[in-house]
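I opened the notebook to look up folds, cores, charges and surface in this entry.

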Amino acid sequence: MKMARILLIGLAGDSGCQIAALGLHETLVEILAANEPIYAPTLLDAKDIPDNIDVAIVEGGIRNTHEEEIIKEIRRKSGVVIALGACAAFGGIPGLANTKKGDELMNLIYNNWRGTDQGTIPSHLVSLPEQHPIKDFVKVDYFIPGCPPEVTDIAYTLTSLLSGQEPIYNSTQVCDDCPKERLGEYDKRLKRLHEEIPDPDRCLLEQGFFCMGPATMGGCGAPCPQSGNTCEGCRGACLDVSDQGMAMIDAMTGLITQLKDEFSVGTYTGQLYRFTYAESIVSELARRKKK
Amino acid sequence: MSKVVIDPLTRIEGMGKIKVEVQDNELKDLKFQITVAPRFFEYLLTGKRAEEAPRLTQRICGICYVSHHLASVKAIENAWNVTPPETAIKLRRLMNAGGYVTSHSLHSAFLAIPDLVGLPAESRNFIALMGKYPEIGKAALKITCLWKQSS
């Protein structure tokens, strides 16, 4: 096996995906030691992005011009680019701020927000109007979804690629991994998590809790629903589905049609599009409306 | 005038750069710049339901997510005038302690120890540490992942 030159970088994200990779324990070290890690600011002291990168693993989305330049440079120099985690793949949680433009947000937060040194806007960062997944700027070869991604997905993708095999991803939904019982009967109202303790053996959505399982790509083993929490959709839409929120509304029709209260997408944006607002159809419509 | 720029700073939690300007042996300018993009959590939380905050704010930092999670839980309890039961408080303390263990062992193993064990300047990193002192590296990795396994 040829030694692969590996780059690992974090852009507009929170380093959580790189921490998740540590969950691989010694497998990670074995992968790195058997190959040639050449640029990874969290691990190595290399200052310049080198040429001839075989595999570039990118965490985080693109929020400012600096990151836009970096991702373009990485693409030019790399054979394979992997988007690691929700921010790189779909924009992630920071995408929820896309309802206001970057320069307005800088002014709002640094001039008018309690807790910041009011009046000092950082001048070394030029914010783009929106948070972007990296695919908005460069071609991405592989996506490893999740916030953070599953260790098994990271290991599978890396070991497949490094041994010259094409990784294959499944097209299941989180519900396929969830052992809770579904009866096809829905509650009459949508409940907030603190309002009621759910029946641990029954589907959370059927009980009226906003569980994103049906609209979210499976493969994680459904740890959130199994711990009594709703799925928050961190793995994005299922394969071949373009809009996670729309897919969720579609999956919820049985519930929505018999709700006593009115259902409005606006109230639930943070749930329907928690990780995918930046790539959603609704954000595209909002963009067109502004023009 | 001589100018030193270190960009990016490596083996730190977060991202940043340092610029130093010296003239006639005197420090003219020194800038430490954080290059992590502001992601505007302050704004994106506005208008969301309160109970969404603990899971949103966790994503401010992938290393000290426990602190952000618990801080927002406390803020909501404060706003709703709720006193959590003793068991919940104990569980949170345990969770916070786990956060300390992960964060500190991570910082030690990956960021600091490579500087302290006499590795050559060009290979002060965790991979070289694992090569020369595998017992230190393995122990650190084990401690770091201890909490992740139990959570």
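I began with the term I needed for the charge pairs: a salt bridge is a side-chain nitrogen of Lys or Arg within 4 Å of a carboxyl oxygen of Asp or Glu. I also noted that this is a predicted model.

**Entry 1: a pair in chain B**

I looked up B:Lys31 and B:Asp29. Their side chains meet in a salt bridge, at 3.1 Å from N to O. That N to O distance of 3.1 Å counts because the cut-off is 4 Å. I then checked how open the two partners are. B:Lys31 is partly exposed, with a relative accessible area of 39%. B:Asp29 is partly exposed too, at 29%.

**Entry 2: other charge pairs**

How many salt bridges does the structure hold over all chains? I found 26. My background note reads: side chains of opposite charge can pair when their charged atoms come close.

I picked A:Asp45 and B:Arg11 next. Their closest N and O atoms are 3.0 Å apart in a salt bridge. This pair crosses between chains. A:Asp45 sits in the loop between S2 and S3 of chain A. B:Arg11 sits in the loop between strand S1 (2-6) and strand S2 (16-23) of chain B. Is B:Arg11 buried or exposed? B:Arg11 counts as buried, because its relative accessibility is 9%. A:Asp45 has 29% and counts as partly exposed.

Then I turned to A:Lys72 and A:Glu68. They form a salt bridge with the closest N and O atoms 2.8 Å apart. Both residues lie in helix H3 of chain A. They are four residues apart, about one turn of the helix. A:Lys72 is partly exposed at 35% relative accessible area. A:Glu68 counts as buried at 17%, since buried means under 20%.

I also logged a network of salt bridges. It links A:Glu232 and A:Arg274 with B:Glu52, B:Arg55 and B:Arg59.

**Entry 3: chain A overall**

I listed 12 helices and seven strands for chain A. Its radius of gyration is 20 Å, close to the 19 Å that the globule rule gives for 291 residues, so chain A is as compact as a globular protein of that length. The C-alpha trace spans about 60 × 50 × 35 Å along its principal axes. Of the 291 residues, 54% count as buried. I checked contacts between residues at least 6 apart in sequence: 71% of those in chain A join residues at least 24 apart. The accessible surface of chain A comes to about 12900 Å². Carbon and sulfur atoms hold 51% of that surface.

**Entry 4: chain B overall**

Which pattern does chain B follow along the sequence? I read β-β-β-α-α-α-α-α-α. That goes with six helices and three strands. The radius of gyration is 20 Å, well over the 15 Å from the globule rule for 151 residues, so chain B is more spread out than a compact globule. Its C-alpha atoms fill a box of roughly 60 × 40 × 20 Å along the principal axes. Buried residues make up 39% of the 151 residues in chain B. Among contacts in chain B with a separation of 6 or more, 29% join residues 24 or more positions apart. I put the accessible surface of chain B at about 8500 Å², with 58% belonging to carbon and sulfur atoms.

**Entry 5: nonpolar cores**

Which members of the largest nonpolar core touch the most other members? I found A:Ile134 and A:Phe210, in a core of 61 residues. Elements that give two or more residues to this core include strand S1 (5-10), strand S3 (53-59) and helix H3 (65-77) of chain A. Helix H1 (41-44) of chain B is also one of them. Apart from this core lies another, of 42 residues, among them A:Leu32, A:Val55, B:Ala109 and B:Met130.

**Entry 6: a surface patch**

I finished on the surface. A:Met246, A:Ile281 and A:Leu285 form a nonpolar patch there, with about 250 Å² of accessible area together. A:Leu285 lies in helix H12 (residues 281-290) of chain A. A:Leu285 counts as partly exposed, because its relative accessibility is 46%.

Methods:
Residues are numbered from 1 along each chain as its sequence is written. Chains are lettered from A and ligands numbered from 1 in the order in which they are written. This is a predicted model: local features need pLDDT of at least 70, side-chain atom pairs count only at pLDDT 80 or more; totals for chains, interfaces and linings use all residues. Side-chain values use heavy atoms; hydrogens and water are left out. Patches are made of residues with over 30% relative accessible area and no salt bridge: like charges are joined within 9 Å, nonpolar side chains (Val, Leu, Ile, Met, Phe, Trp, Tyr) within 5 Å. Accessible areas come from the Shrake-Rupley method with a 1.4 Å probe; for residues, only the protein chains shown count as cover. Buried means under 20% relative accessible area, exposed over 50%, partly exposed in between (1.4 Å probe, protein chains only). A nonpolar core is a set of buried Ala, Val, Leu, Ile, Met, Phe, Trp, Tyr and Cys residues joined through side-chain atoms within 4.5 Å. The radius of gyration is taken over C-alpha atoms; the globule rule is 2.2 Å times the number of residues to the power 0.38. Contact means heavy atoms within 4.5 Å.
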